[in-house]
Each structure stands twice: as C-alpha cells, then as structure tokens.
Amino acid sequence: MNIQPIIDTTKTLLHAEARSIDAVADQLGADFVAAVQLVASCPGVIMTTGSGTSGTIARRLAHLLATCGMHAFFVHPADALHGPSAAVAPGDVLIALSKAGKSAEINHFARVTRERGGKVISLTWKPESELGALSDIVLALPAAVDAEGEGVLPFGSTLAAGALCDAICLAAKNLRGFDLTTLTQTHPSGATAELVRR
C-alpha cells in the first residue's frame, strides 16, 4: 500500500484548517470587541445555540463561559421552539452559531430573543443571511471551503468557530476579572486544577 497519497491529502487539509484559524485572528476588529463587552457585561444569562457541529461548538462555548464564572448554558434550537425561549429576559444574550445562517429554528430563536429584549450575537459564514439580519452583532467566519472535508464536511469551519469562541471566552473572562484560582474550588480534579496550583 502506498501511504504517501494519504499523508499528502491529510497535510493539505490540516494546513488549510490552520489557515482558516489564522484568518479568524486576522479579521478581529471592533465587532469582536463589542461582542466581548456584551458577553462580559451581561446582567442576565448567556445562552448559546446551534445545530449539528455548530451545536457541538455552541455547547462547548457555554461550558467554557460557565467555567469562567458566567451564567451560561446551551439551548438546543429545536427545544427553544417548544417553550424554553419563554425564559429569555431583557439583558440576556444569545450567541448563535450557524454556518449558512438560514436554519429556521435558530433564526426563530434569535427573533424571539430580540422580541423579548435580549441581544443576539451570531457567528456565521454569511453575515448577509437572515440570522445576520436578526443579530445585534455579527462575527463573520472565514468561508474557507478548502478547509472543509472534500469541500463539504464541516471541518475547518468548526475549528474556526471554536477558535473564535475561545477568543470570546478568554477576553470576556479577563474583562470580568475572573480569578483562575477559583478553579481549585470549582474544578478540583484533573489536569486543570493541577496547572492552577503550580
């Protein structure tokens, strides 16, 4: 078996994925800072939402924000259509992840959030999409088709979204002054607590 084609194809994908994350860093600007300030100063709760792989990244973001002392949780957009969006109150923030920005359930959740006095931050390839129009702040993700598996599978887009979410979390944490030593109480086991104690 000739392994070189497998290695070459994999290297091409990984380099493209790395470029997609670099592109996220290169396009940071005022909209990113505004999103961070909105998250850091949220007087209510921060909800994250998304479907498919975007939902996986949204769930991860909620976990990280909560780990850093923010009142954050994930709401599946399909569930939001069956009552839980009634919990949205003025001052809450919804962070919605959608590659194309046209998922009906995500857009409905965003619309209800705005109607109930909440703010919406979206992460999407398509700032001009319906989700973009429903958002207070739109953070555009680089549309790097070459970083997707065979141009279709959500590989690079997922990594880029995750990297941007990480950046939001860290910047908001720093603005809020969250002390990492708190993790020795709230994250007592595992490598994280051990790193903090050093």
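Okay, housekeeping. Residues are numbered from 1 along each chain as its sequence is written, and side-chain values use heavy atoms, with hydrogens and water left out. Because the model is predicted, local features need pLDDT of at least 70 and side-chain atom pairs count only at pLDDT 80 or more, while totals for chains, interfaces and linings use all residues.

Let's start with strand E1, residues 46–49. Helices (H or I, at least four residues) and strands (E, at least two) are DSSP runs, numbered from the N terminus. In a regular strand, side chains alternate between the two faces of the sheet. In E1, Ile-46 and Thr-48 sit on one side, Met-47 and Thr-49 on the other, and all are buried, meaning under 20% relative accessible area with a 1.4 Å probe, protein chains only.

Now, over to helix H7, residues 156–176, where you'll find Cys-165. Is Cys-165 buried or exposed? It counts as buried, because its relative accessibility is 1%. Skipping neighbours within four places in sequence, Cys-165 is in contact (heavy atoms within 4.5 Å) with Ile-57, Leu-61, Leu-97 and Leu-123. And Ala-62 is 103 residues apart from Cys-165 along the chain, yet their C-alpha atoms are separated by 9.5 Å.

Definitions and conventions: Buried < 20%, exposed > 50% of the residue type's maximum accessible area, 1.4 Å probe, protein only.
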